[in-house]
Amino acid sequence: MLHTVDIIRKKRDGGELTDEEIRFFVDGYTAGDIPDYQAAALMMAIYYQGMSRRETVTLTDAMAHSGDTVDLSRYGELSADKHSTGGVGDKTSLIVAPIVVALGGKMTKMSGRGLGHTGGTVDKLESIPGYRTSLSTEEFLRQIDEVGLAVIGQTGNLTPADKKLYALRDVTATVDSIPLITASIMSKKLAAGSHNIVLDVKVGSGAFMKTPEQAEELARAMVDIGKDCGRNMAALITSMDVPLGNAIGNALEAQEAIAVLKGENNGALRDVCEALSTQIVSLTFGWSPDEAARRVRETLDSGAALAKMREWIAAQGGDVAYVDDPSQFPAAPYAREVLAPCDGYITKMDAEQIGHAAVLLGAGRLTKEDTIDHRAGIVLHRTRGDRVCKGDVLCMLYSGNEDAFAQATALIERAIIYQTDKPTDIPLIYSIVR
């Protein structure tokens with residue numbers, strides 16, 4: 001008979017847990033039979049002793065099957081999903097999903113809400129009036145059948161083990177463990193059912209992983225676990241040293257995503273979206289990377305991806321007039337400029353601090369219970385590597401709370417560093433892991 005204390009002791013002493021022991025723990029903790037203090041002890045033991053690849057696969061699979069799962073087998077190998085490890089200004093899902101589906105894939109996403117300095121896809125979509133982020137299973141599958149695409153909030157009983165374990169890790173300083181991060185992310189992706197999964201692993205000041213080496217270790221672990229669980233996998237290591245794109249904040253980011261689909265924005269945001277889409281359709285259809293990249297560009301340039309976004313938003317109840325004319329998004333009642341304090345080149349823009357400034361303006365949450373203002377946020381006019389003169393507008397702040405400007409401005413001023421010489425470029429995409 002298995003006992004939790006024996007499992008804790010075994011891992012504490014560097015032992016390798018059996019599949020039976022791991023499943024016993026996940027099932028028992030999910031059911032409430034194992035108390036938090038014992039689960040916390042095991043998380044700390046894993047934090048220090050690590051897990052083998054087999055242990056991580058078993059943990060991931062057990063967590064994935066701890067609650068509901070989505071069966072997408074009816075779509076064969078056409079189903080695809082994308083996951084970002086989180087960043088500032090990251091609205092790639094709104095652009096990538098229509099591209100993939102316009103090319104014939106089936107894109108299914110269960111996305112979270114923003115918390116802290118990182119934004120959430122669901123919040124951005126809810127800035128479009130009428131958009132429904134909750135669908136029944138029947139509605140979800142019918143929309144994928146008819147449109148090829150559905151993006152909803154996470155269901156209440158999807159990976160309940162992960163929900164409990166993540167909340168526990170958050171308060172016991174055991175979040176930053178590669179096996180535990182891998183199991184947390186991949187369990188949700190496996191439960192969501194897609195056959196092809198592409199990960200966008202962010203690295204830099206605004207990301208959880210601060211160095212390319214850390215990001216590659218996490219990416220490789222997730223790709224390997226996904227493959228071991230029978231999925232087609234790829235991961236991109238992408239920069240989050242500066243916010244992605246110019247807009248930070250929900251309605252502002254939705255407008256920027258629409259601009260990319262309309263061919264009105266051809267900067268770093270489009271480049272990252274093209275790279276992610278290329279990997280997804282290459283996995284899905286077996287195309288070479290060059291062929292996949294060519295088709296992705298054609299789909300964007302022809303307007304086919306924009307048409308698919310319009311169809312998707314309409315199917316989920318959103319007002320497509322906002323897609324046709326993004327100027328209809330309501331503006332925040334207050335706006336404030338942030339000006340450059342000196343001449344020079346911008347050598348650093350701390351994405352995390354800028355993200356925190358957007359939260360202060362009302363664009364994000366500090367706790368899950370906080371209410372966000374979809375109109376609030378930041379639009380950057382300058383970025384790293386740009387030369388500015390004293391008094392130039394660095395960015396515009398938007399908020400429904402005029403009192404928030406002073407603190408948000410102070411954060412942004414601390415986040416930006418200048419020097420007399422132009423800084424060396426930082427890669428937008430560091431590497432691809434397959």
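Mentor: Helices (H or I, at least four residues) and strands (E, at least two) are DSSP runs, numbered from the N terminus. This is a predicted model, where local features need pLDDT of at least 70 and side-chain atom pairs pLDDT 80 or more, while totals for chains, interfaces and linings use all residues. Residues are numbered from 1 along each chain as its sequence is written, and side-chain values use heavy atoms, with hydrogens and water left out.

Trainee: Where does Thr159 lie?

Mentor: Thr159 is in the loop between strand S3 (149–153) and H8. Its phi is positive, about 45 degrees, although Thr159 is not a glycine.

Trainee: Is Thr159 buried or exposed?

Mentor: Thr159 has 1% relative accessibility, so it counts as buried. Buried means under 20% relative accessible area, exposed over 50%, and partly exposed in between (1.4 Å probe, protein chains only).

Trainee: And what is phi at Ala173?

Mentor: Phi of Ala173 is near 60 degrees, again positive in a residue other than glycine. Ala173 is in the loop between H8 and H9, and at 56% relative accessibility Ala173 counts as exposed.

Trainee: Changing topic, how many cavities are there of 30 Å³ or more?

Mentor: The search of the whole structure finds 3. On a 1 Å grid over the protein atoms alone, a cavity is a set of points where a 1.4 Å probe fits but cannot get out; a pocket is an open set with protein on both sides within 12 Å along at least five of seven lines; lining residues have an atom within 4 Å of a point. Points are joined across faces, edges and corners, and a volume is the space filled by probe spheres set on them.

Trainee: Which elements give two or more residues to the lining of the second largest cavity?

Mentor: They are helix H4 (53–64), helix H8 (160–170) and helix H9 (178–192). H8 gives the largest share, 4 residues. This cavity has a volume of about 50 Å³, and its lining includes Met43, Asp162, Arg169 and Ser184. The lining divides into 7 nonpolar, 1 polar and 2 charged residues (Ala, Val, Leu, Ile, Met, Phe, Trp, Tyr, Cys and Pro count as nonpolar, Asp, Glu, Lys and Arg as charged, the others, Gly among them, as polar).

Trainee: What volume does the second largest pocket have?

Mentor: About 500 Å³. Of its 24 lining residues, Val242, Ala268, Thr383, Arg384 and Leu428 are the closest to its centre. The lining has 9 nonpolar, 8 polar and 7 charged residues.

Trainee: On to the rings: how many aromatic pairs are counted?

Mentor: The count comes to 5. Rings of Phe, Tyr and Trp (its six-membered ring) pair if their centres lie within 6.5 Å; planes under 30 degrees apart are stacked, over 60 edge-to-face, the rest tilted.

Trainee: Why is the pair of Tyr131 and Trp312 edge-to-face?

Mentor: The ring centres of Tyr131 and Trp312 are 6.3 Å apart and the planes stand at 85 degrees, so the pair is edge-to-face. It links distant parts of the chain, 181 residues apart: Tyr131 is in the loop between helix H6 (121–125) and helix H7 (137–146), and Trp312 is in helix H14 (residues 304–315). Both Tyr131 and Trp312 are buried. Tyr322 and Phe329 form another edge-to-face pair, with 5.1 Å centre to centre and 80 degrees between the planes; Tyr322 and Phe329 are buried too.
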